[in-house]
Amino acid sequence: MGIELINVITIVEMKQQIKEYLTFFKFFRRKLELSKIYNKWLIANKPLHTKYYNILGIVLLALLIPFDFLLFEKGLIYTRIRFLAISVIFINLVIFYKFSWKQQFVKKDSFKLSLFLPGIIWNIIYTFYLYSTTGEDYTIVLLANFLVIIISTLFLYRYWREQYTINFVSILLLGVAGYLKPSISHDCLLLAGFHGVSFITALFYRRKFIESVFEKFNLTSSLVPRKIASIIAISDSDLSLEGIFDVKERFTVCLCSDWRDYQSLASKYDPKYIGKLFEHFYDIVFEELDINIPDGNYYADWTADELFIIFYSETDDKRETLLNALRFAQTLASKVYDRVVSEIEVELKYDIGLASGMGLLGLQGPRKLKKTTITSETAGTAKRLETEAKYIRNKTMDCSNYPLLVMDNYLKENTKEIEEFSDGNCKDIIAKTKDIKDNQFYLWQYKN
């Protein structure tokens with residue numbers, strides 16, 4: 001009795017540890033996905049915003065020149081410094097234009113001096129104004145410093161490297177100014193504190209911004225392939241879905257899979273519990289999809305227990321499409337099932353149909369309800385092959401719980417290039433399902 005109780009306690013503890021691990025893994029995975037989409041946004045938009053901030057910095061400095069003479073007795077002193085700052089920013093802009101062609105080869109975001117320079121120049125000249133100004137002009141310059149902090153920080157809040165550097169360097173400059181001129185040290189301390197507040201505010205807005213980009217990506221990926229969704233999500237301009245993913249005849253591989261005995265599960269369990277099963281199962285599937293096909297050249301959709309995936313290539317590379325589809329199909333029939341068994345309490349069984357061929361792929365459907373789909377025989381064949389797998393499972397008593405994968409001849413021939421299929425476990429079958437009846441296909445099942 002005591003041993004049985006210990007075993008029960010151990011099992012409960014293990015389940016709790018697994019739940020904690022999964023929670024941490026989901027959190028880590030989400031952070032990684034946010035980081036990836038944010039890095040893509042930075043690479044795509046930094047060149048455009050660099051030009052914009054430099055031009056804006058020059059224009060604002062030029063517009064403030066008349067106020068130097070309206071607000072200050074010796075306005076020429078301020079204007080000379082503004083002209084110097086305008087010259088530096090203009091040279092920075094010219095250099096940036098000269099070498100901007102290199103941006104197309106950038107794979108990872110890095111600190112850009114050309115983006116950082118306009119903001120830090122504003123902070124430098126206004127810290128110098130604060131240090132050198134006395135009398136009635138001092139109050140105006142002090143207020144202007146607060147405005148410069150807000151503008152230079154929040155204009156760059158989306159670019160964390162440049163924004164962090166501006167705040168830290170500006171605080172250092174204020175510290176030096178306060179040390180050299182003790183009479184303004186209190187105001188320098190206030191301005192440094194305001195930099196801290198601006199830093200935290202920018203951090204908050206940046207996180208909200210990244211979340212909004214990620215949500216836009218998730219929403220768009222329900223309409224178009226993830227690679228196309230990524231382009232739309234990171235673009236700051238309005239893009240036409242139809243224009244960026246137009247209907248085109250492409251070589252594709254279609255995968256269809258659904259659960260066995262779904263109706264009995266639905267009648268046995270509460271709908272909320274079934275909803276959680278869907279969520280967990282498809283989380284596993286899409287995690288493995290992202291791992292197997294990181295470039296996102298696929299479109300995935302699901303309805304209740306049925307999964308449908310279209311694999312394609314932007315460059316119409318048949319081999320790439322075939323290998324991507326076969327690798328993932330093998331993963332779905334082996335690794336994904338192992339994870340489902342270990343992470344989901346209910347016993348789930350599913351089988352897979354895989355078919356290849358030409359078809360019209362793109363954003364199709366009613367004007368107000370368009371979605372990515374394929375018009376071809378391939379999609380229907382994939383569904384029929386999945387049904388054939390179901391028929392074989394019901395007919396054959398000695399097959400294991402691992403999913404049955406039924407594919408066409410073209411796909412079977414290409415399994416030779418994939419190590420995971422090297423066991424030669426492909427069997428010839430003659431289909432019994434309507435529309436594909438009496439045609440030859442191939443059955444593969446993972447053997448642990």
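A residue is called buried here when its relative accessible area is under 20%, exposed when it is over 50%, and partly exposed in between, as computed with a 1.4 Å probe on protein chains only. By that criterion, 47% of the 448 residues of the protein count as buried. The structure is a predicted model, in which local features need a pLDDT of at least 70 and side-chain atom pairs count only at pLDDT 80 or more, while totals for chains, interfaces and linings use all residues. Residues are numbered from 1 along each chain as its sequence is written, and side-chain values use heavy atoms, with hydrogens and water left out.

The secondary structure comes to 15 helices and eight strands, where helices (H or I, at least four residues) and strands (E, at least two) are DSSP runs numbered from the N terminus. The protein exposes about 24,400 Å², of which carbon and sulfur atoms supply 62%; accessible areas come from the Shrake-Rupley method with a 1.4 Å probe, and for residues only the protein chains shown count as cover. If contact is taken to mean heavy atoms within 4.5 Å, then among contacts with a separation of 6 or more, residues 24 or more positions apart account for 72%.

Thr 252 is found in strand 1, residues 248-259, and counts as buried because its relative accessibility is 0%. Apart from residues up to four places away in sequence, Thr 252 touches Ile 310, Phe 311, Tyr 312, Thr 321, Ala 355, Ser 356, Gly 357, Leu 361, Ile 374 and Thr 378. One of these partners, Ala 355, has its place in strand 4, residues 350-364, and is likewise buried, since its relative accessibility is 1%. Leaving aside neighbours within four places in sequence, the contacts of Ala 355 include Thr 252, Val 253, Cys 254, Thr 378 and Leu 411. Ala 355 and Thr 378 are 23 residues apart in sequence, yet their C-alpha atoms are 5.8 Å apart in space.

The next feature is a helix pair. Two packed helices are described by the angle between their axes and the distance between the axes. For helix 11 (residues 271-292) and helix 13 (residues 335-343), the axes come within 10 Å and cross at roughly 145°, the axes being lines fitted to C-alpha atoms, for helices over the stretch in contact, with angles that run from 0 to 180 degrees between N-to-C directions. On the side of helix 11 the contact is made by His 280, Phe 281, Ile 284, Val 285, Glu 287 and Glu 288, and on the side of helix 13 by Lys 335, Val 336, Arg 339, Val 340 and Glu 343.

A salt bridge is a side-chain nitrogen of Lys or Arg within 4 Å of a carboxyl oxygen of Asp or Glu, and a search of the whole structure finds 13 of them. One joins Glu 287 to Arg 339, with the closest N and O atoms 3.0 Å apart; because Glu 287 lies in helix 11 and Arg 339 in helix 13, the pair ties together parts that are 52 residues apart in sequence.

Another salt bridge brings together the side chains of Asp 109 and Lys 46 (2.8 Å, N to O). This pair links distant parts of the chain, with Asp 109 in the loop between helix 3 (75-99) and helix 4 (113-132) and Lys 46 in helix 1 (residues 2-63), 63 residues apart. Asp 109 and Lys 46 are both buried.

Asp 435 lies in the loop between strand 7 (427-430) and strand 8 (440-445), and its phi is near 75°, a positive value in a residue other than glycine. Most residues other than glycine have a negative phi. Ala 304, in the loop between strand 2 (298-303) and strand 3 (306-311), also has a positive phi, near 55°.
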